[in-house]
Amino acid sequence: MIDSVELISYLHKHGLNLATGVPCSYFKQLLIELEKSDKINYIPATREDEAVGISCGYYLGGQNSFVLMQNSGLATIGDVLTSLAQLYQIPLLLFVSYRGLEPDATFPEHLLMGDVTEDVLNAYNVPYEILYEEGWQDTIDRALEEMNANKTVVCILVEKGVMDE
Amino acid sequence: MKGDEVVRSLQDLLKGDELIVSSNGNVSRQVFAYLHQPQVYLRGSMGLPMAVGFGLALSQPNKQVIVITGDGNFLMGLSSMATIAFHKPQNLKILVLDNGSYATTGGQQTVSSNLAYEEMISGMGIKNVQSVDVMKDTETLNGKLIDLLAAKELSVLHTLVEEDIHKLENIPWHPPEIKDKFLEKFD
Ligand SMILES: Cc1ncc(C[n+]2csc(CCOP(=O)(O)OP(=O)(O)O)c2C)c(N)n1
């Protein structure tokens, strides 16, 4: 499991000082730590597209942030991705929980989105990588590098049990 | 009075260092045409000018951020107002140009006319909310705009304006260019 406090420190070291989003239970501990953090200011949003809007505005003011959401939220952010973040070439880091995989079968509300999550990201031309405990720093480094070099949206998918819960 | 006249009324009141976020469609075109450049002219992301303005206000706490939005955009993103009201960024001002319609797409009605804006917004926890019907009362507009800009707290000014489906030229800058020019302000 990835330690939330370490993840927050790591992202902060890379220049991110604000996070916003809508919770997923996979990020329960991460959100507890974010709310306590004096390194990263967490802004709870009412919707995922709002969170992306906040993150884009923050970038336009010269600072960097990231967005947390459940993969269900990917279905909410299509317009703000295509007509703001991607259109204006705004770097945007999305941390998205990957629900609807096998162990989640008791949550039918996530099954369809779980099936199509990677298709949706591909359809929107959003590069993504799945986060694992082993080498998680490298995954984040690659994502940030791609995001900053290409001024693009990048997504990190987080399966159950990868973050401390 | 029409929405673009409200935008033009700002010309003489702004100092020039304000950061403006404008909602998609006609409003962004008006802000591009009549106010100091560059600003964050949204081409899409309908409903999100308040969210973008909020992020900008958090990022630039010493600058005044003004969101200029149509009522269609404002209502689509209404829950952002709840988020903003919770955090109360003192450098954020919201100006609603309420023409009761989606003028950009041909003037279809919005549900705006049914709403009591002052009560609705103050009920979210925003103290400084004013509403002015500039179709009936053009005299007080300037004073309200001055108050909005001078306020030291999160403030909202709701203006009832005449519908205007007259279209300005499209914004000639490509979106990445809008972003790059805007970011140069902070070099
Ligand atoms: C998600 C989305 N839905 C619909 C549209 C089409 N659209 C563009 S501008 C606009 C109207 C915006 O209305 P309002 O904010 O009241 O501004 P006005 O046009 O009246 O100046 C609409 C519906 C869009 N751009 N994006």
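Trainee: What makes β3 (residues 65-70) and β4 of chain B a pair of strands?

Mentor: Count the bridges. This is a predicted model. In it, six bridges join β3(B) to β4(B). Pairing needs at least two, so six bridges qualify as pairing. The two strands run parallel. For an example, look at B:Ile66, which stands opposite B:Lys93 in β4(B).

Trainee: Why is β4(B) called mostly covered?

Mentor: The strand spans residues 92-98, and seven of its seven residues are buried. Buried means under 20% relative accessible area. Now take the faces. In a regular strand the side chains alternate between the two faces of the sheet. On one side of β4(B) sit B:Leu92, B:Ile94, B:Val96 and B:Asp98. On the other sit B:Lys93, B:Leu95 and B:Leu97. Both sets are buried, so both faces count as covered.

Trainee: What is the strand order in the open sheet of chain B, and which strands are its edges?

Mentor: The order is β2-β1-β3-β4-β8-β7, six strands with parallel pairing. The edges are β2 and β7 (128-133), and each pairs on one side only.

Trainee: Move to chain A. How do you know that β3(A) is largely enclosed?

Mentor: Six of its seven residues are buried, so the rest of the structure largely encloses β3(A). Its strand partners include β1(A), joined in parallel over five bridges. A:Ala19 stands opposite A:Phe66 in that pairing. β3(A) also pairs in parallel with β4 (residues 92-97) of chain A, over four bridges. There A:Leu68 stands opposite A:Phe95.

Trainee: What makes one side of helix α2 of chain A its buried side?

Mentor: Start with the buried residues of α2(A), which spans residues 28-36: A:Leu30, A:Leu31, A:Glu33 and A:Leu34. They cover an arc of only 165° around the axis, so they lie on the same side of the helix. The face turned away carries A:Lys28, A:Glu35 and A:Lys36, which are exposed. Exposed means over 50% relative accessible area.

Trainee: What do the buried residues of α2(A) pack against?

Mentor: They pack against α1 (4-13), β1 (16-21), β2 (41-44) and β3 (64-70) of chain A.

Trainee: Where does the ligand lie, and which residues come nearest?

Mentor: The ligand lies between chains A and B. There are 15 residues around it, and the nearest are B:Gly72, B:Asn73, B:Ser101, B:Ala103 and B:Thr104. From chain B, α2 (26-34), α4 (71-76) and β5 (101-102) each supply at least two residues of the shell. α4(B) gives the most, with three.

Trainee: Is B:Ser45 buried or exposed, and what is its phi?

Mentor: B:Ser45 is at 1% relative accessibility, and the limit is under 20%, so it counts as buried. Its phi is positive, about 40°, although it is not a glycine. B:Ser45 lies in the loop between β2 and α3 (49-59) of chain B.

Trainee: Why is A:Lys151 called partly exposed?

Mentor: Its relative accessible area is 33%. Buried is under 20% and exposed is over 50%, so 33% falls in between. A:Lys151 also has a positive phi, near 50°. Its place is the loop between α6 (136-150) and β6 (153-158) of chain A.

Trainee: Which residues does the cis peptide bond join, and what is omega there?

Mentor: The bond joins B:Gln37 and B:Pro38, with omega about -5°. B:Pro38 lies in the loop between α2 and β2 (40-41) of chain B.

How values were computed. Residues numbered from 1 in each chain as written. Chains lettered and ligands numbered in written order. Predicted model: local features only at pLDDT ≥ 70, side-chain atom pairs only at ≥ 80, totals over all residues. Heavy atoms only, no water. Buried < 20%, exposed > 50% of the residue type's maximum accessible area, 1.4 Å probe, protein only. Arc of directions from axis to C-beta. Contact = heavy atoms within 4.5 Å. Near = heavy atom within 4 Å.
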